[in-house]
Amino acid sequence: MATLMPDGLPPERRGVALRHRWEKDYPGRGGRADYHITLPPHPDIERSALLLERTGNQLEIRVNGQVLQRIGRLGDPNFDALKADHLVEIPSQILSKDTPNSLEIRISTQALRAAGLGRVSHGPLSVIGPLHEQREFWLHDLPRVYAISLLLMGALSLTLWWRQRDALYGYFSIAAFGGSVRVFDQIAVHAPLGWPLWGMFVSACYAIHLCFVAHFILLALGSPPKHLTIAINASLALVLGLVAASFSMQAPFLWTGASQSC
């Protein structure tokens, strides 16, 4: 069960399926939500834990009314808990051995930001811990390596462009730097800029990445046709305009239009 409190609308209480995506129910609106989950009695054989997958943007976790952990500060636009999974150990002394236990997850989210409640796994720490480590490898360690490799390739290409003034290296360098920002955003819970400025910046970098990849491919194949070059530049200008309008006006359909243009 969830109590959903979107900004500017009356709250509602209803059952939701996991993964619940806030941005699909309330496009262009921020707000808060309380998710209520019933946990089974705890036999006190070993420590138990929760694994929260892709939940955010800021959250507070309570078990049987006691605050277990705060991940970010509710309403803080510089923090995005959605970018990471969260392993939360549950002290045995706050769990009931005979009756069901109450889990409450309270989240806050900002407009145009993905949020909600992902999959919640509950079980012995000996099982949940290795599952968390496995997901960390695939969701964070590998993307981190990829982002670093893009930065290195971008720096190398920039150096070659500086020495030879060959546009091929310049285009690849810009594409690599733009792509590294996009990958970094997938794993960074602390944003260098507040929301929505960070969202606007990342979206612009993603558009630049795609357009300059197209420029690089055309140039690598030979002398690019002038009309294709003009079309790519016009597409980039259109997408950047849609991105700026979408985040400034909190209009998600404009960002959808920008994505389709890319």
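**Figure 1. The largest nonpolar core of the predicted model.** This core has 26 residues, of which Y35, L59, I61 and I105 touch the most other members. Strands β1 (2-6), β4 (31-39), β5 (48-52), β6 (58-63), β8 (86-90) and β9 each contribute at least two residues to the core. Beyond its neighbours within four places in sequence, I105 is in contact with A33, D34, Y35, L52, T55, L59, E60, L117 and V120. Another core, of ten residues, lies apart from this one and includes A175, A207, C211 and F212. In soluble globular proteins, nonpolar side chains tend to be buried together.

Figure 2. A polar atom of the S108 side chain lies 2.8 Å from the backbone nitrogen of G75. Apart from neighbours within four places in sequence, the contacts of S108 are G31, R32, G56, N57, Q58, L74 and G75.

**Figure 3. The salt bridge between R135 and E53.** The closest N and O atoms of the pair are 3.5 Å apart. R135 belongs to helix α2 and E53 to the loop between β5 and β6, so the bridge ties together parts that are 82 residues apart in sequence. E53 is buried, at 10% relative accessible area, whereas R135 is partly exposed, at 21%.

**Figure 4. The salt bridge between R70 and E60.** Here the closest N and O atoms are 2.8 Å apart. R70 sits in strand β7 (residues 66-71) and E60 in strand β6, ten residues apart. R70 is exposed, with 54% relative accessibility, while E60 is buried, with 7%.

**Figure 5. R113 and D80 within a network of salt bridges.** The side chains of R113 and D80 meet at an N to O distance of 3.8 Å. R113 lies in the loop between β9 and β10 (116-117) and D80 in the loop between β7 and β8, so their bridge ties together parts 33 residues apart in sequence. R113 is buried, at 4% relative accessible area, and D80 is buried too, at 5%. The network links D80, K83, R113 and D185. In the whole structure, 14 salt bridges are found.

**Figure 6. A nonpolar surface patch at F137, W138 and L142.** Together these residues make a patch of about 320 Å². W138 is placed in helix α2 (residues 125-164). With a relative accessibility of 55%, W138 counts as exposed.

Definitions and conventions: Residues numbered from 1 in each chain as written. Predicted model: local features only at pLDDT ≥ 70, side-chain atom pairs only at ≥ 80, totals over all residues. Heavy atoms only, no water. Polar contact = N/O pair within 3.5 Å; in protein donor to acceptor, adjacent residues only side chain to side chain. Contact = heavy atoms within 4.5 Å. Patch = residues over 30% accessible without salt bridge, like charges linked within 9 Å, V, L, I, M, F, W, Y side chains within 5 Å. Areas by Shrake-Rupley, 256 points an atom, 1.4 Å probe, with all protein chains shown as cover. Salt bridge = Lys/Arg side-chain N within 4 Å of Asp/Glu carboxyl O. Helix = DSSP H or I, 4+ residues; strand = E, 2+ residues; numbered from the N terminus. Buried < 20%, exposed > 50% of the residue type's maximum accessible area, 1.4 Å probe, protein only. Core = buried A, V, L, I, M, F, W, Y, C linked by side-chain atoms within 4.5 Å.
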